[in-house]
Amino acid sequence: MKLSVSGRAAAAAVVAATTLLATGSLAGAAPATPAVAAVPDIPVANVKAHLSQFQSIATANGGNRAHGRTGYRASLDYVKAKLDAAGFTTTIQQFTSSSRTGYNLIADWPGGDTTRVVMAGSHLDSVTAGPGINDNGSGSAAVLETALAVSRAGLQPTRHLRFAWWGAEELGMVGSRYYVNNLSSANRSRISAYLNFDMIGSPNPGYFVYDDDPTIEQTFKTYFSGLGVPTEIETEGDGRSDHAPFKNVGIPVGGLFSGADYVKTSAQAAKWGGTAGQPFDRCYHSSCDTIANLNDTALDRNADALAYAVWTLSS
C-alpha cells in the first residue's frame with residue numbers, strides 16, 4: 001500500500017441464511033442469497049503457498065519485487081502461468097514509470113455479461129526495501145487463489161469477472177491509474193464494481209472495510225457478521241491504493257484492509273485481539289515484511305470474504 005509514513009462452515013450457513021444486501025449504488029444490484037451457498041472456502045494453505053513463491057522470488061532477485069526490477073516481472077510471470085493454466089484469458093499491459101518498464105496483468109474469466117463487469121484487484125509490486133509479503137503479496141495471493149477457485153468451480157456468473165494485478169502502486173498507483181485512464185468511456189461504464197485488496201494479513205490485524213459504495217460495503221460486513229467478527233470503516237489508506245483511480249472516474253469501489261503503520265488502540269485490541277499500542281504491521285515497507293510477517297487468521301478470513309464478495313456481486 002502506498003501510504004503516508006506516519007466453526008467457518010457454521011458461519012457460512014448463517015451468512016447464507018440471512019444475507020439480504022442493503023440497497024446501494026451498485027448498478028443492478030439485487031439480493032444474492034442463492035449464490036452465497038455455493039461460495040467455496042479459500043484454503044489459507046493455498047494462499048500461503050503463493051506467498052512462499054513470492055518470498056522465493058524476492059530472495060532470488062535482490063530481496064524485493066519492486067517496479068522495474070526482476071523480482072516484479074518474475075512475480076507477474078508466476079501469477080500469469082497459474083491463470084493461463086486455469087483457463088483465463090490474460091493480458092499484460094505495459095507502461096513506463098521512473099524510466100523503468102512496468103506491467104499490469106489482467107485476467108478475464110470467460111462468460112458473463114460484459115456490459116456489467118465485476119473486478120477484483122491488488123498491487124503486485126513491493127517497495128525496494130523488502131519482499132512485500134503482507135504489502136501486498138497478501139492481497140495478490142488471495143486474489144489469485146480466488147480466481148483459481150472460480151476456475152475449479154466452473155463458475156458461470158451473471159456478470160463478467162475480471163481480475164487484476166497492478167504494477168507501480170508504491171510509486172503512486174501508477175499501474176491502476178494507467179489502466180483506468182486508457183479505458184474508453186464506454187468500457188469504464190461497463191465496470192459495475194472494483195474490489196481492492198491491499199494488505200489483508202497484517203500480523204497485529206484489524207478488520208477494516210471500505211465505505212465507498214454501500215452495496216459493496218454491506219456485502220463485506222454481512223460476511224464478517226456471519227463470522228461474529230466486528231469491522232470498522234477503513235480510513236488509514238483512504239485514497240492511497242488502487243481503488244482510487246476507479247473511484248475518481250465514478251466506478252463503484254470497495255475493499256478490505258488489515259492495517260499498516262497506524263497503532264492499534266486498546267478498544268481495537270479488546271474486540272480483535274492482538275497488541276494495543278503497536279502498529280498493525282510493524283514491518284510495513286521494511287525488510288522484515290517476509291513470509292513470517294503474517295497473521296494466518298486474518299489472511300484466511302479476508303481471503304474467504306474476498307471470495308464471498310466475488311460470488312455475491314457477480315451473481
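What follows is a walk through the helices, salt bridges and aromatic rings of this structure.

The model is predicted, so local features need pLDDT of at least 70 and side-chain atom pairs count only at pLDDT 80 or more, while totals for chains, interfaces and linings use all residues. Residues are numbered from 1 along each chain as its sequence is written, and side-chain values use heavy atoms, with hydrogens and water left out.

Start with helix α5, residues 133-153. Helices are DSSP runs of H or I with at least four residues, strands are runs of E with at least two, and both are numbered from the N terminus. Helix α5 is mostly covered, with 18 of its 21 residues buried. Buried means under 20% relative accessible area, exposed means over 50%, and partly exposed lies in between (1.4 Å probe, protein chains only). Gly154 follows α5 and has a positive phi, near 60°.

Now turn to the charges. A salt bridge puts a side-chain nitrogen of Lys or Arg within 4 Å of a carboxyl oxygen of Asp or Glu. The count by this rule is nine. Helix α4, residues 70-85, holds the pair Arg73 and Asp77. Their closest N and O atoms are 2.9 Å apart. The two residues are four apart, so about one helical turn separates them. The general point is simple: an α-helix has 3.6 residues a turn, so residues three or four places apart point the same way. Both partners are partly exposed: Arg73 has a relative accessible area of 30%, and Asp77 has 37%.

Helix α4 also contains Lys80 and Asp84, again four residues apart, about one turn of the helix. Their side chains form a salt bridge at 2.8 Å, N to O. Lys80 is partly exposed at 22% relative accessible area. Asp84 is partly exposed too, at 34%.

Another salt bridge reaches across the sequence. Glu232 and Lys271 meet at 2.7 Å, N to O. This pair links distant parts of the chain, 39 residues apart: Glu232 is in strand β7 (residues 232-233) and Lys271 is in helix α10 (residues 266-272). Glu232 is partly exposed, at 23%, and so is Lys271, at 37%.

Lys271 has a second contact to look at. Its charged end sits over the ring of Trp272, 5.1 Å from the ring centre. For this contact, NZ of Lys or CZ of Arg must be within 6 Å of the ring centre and within 35 degrees of the ring normal. Arg65 likewise lies over the face of Phe54, at 4.8 Å from the ring centre.

Finally, the rings themselves. Rings of Phe, Tyr and Trp (its six-membered ring) pair if their centres lie within 6.5 Å; planes under 30 degrees apart count as stacked, over 60 as edge-to-face, and the rest as tilted. The whole structure has 17 aromatic pairs. One of them is Phe208 with Phe257, a tilted pair at 6.1 Å centre to centre and 40° between the planes.
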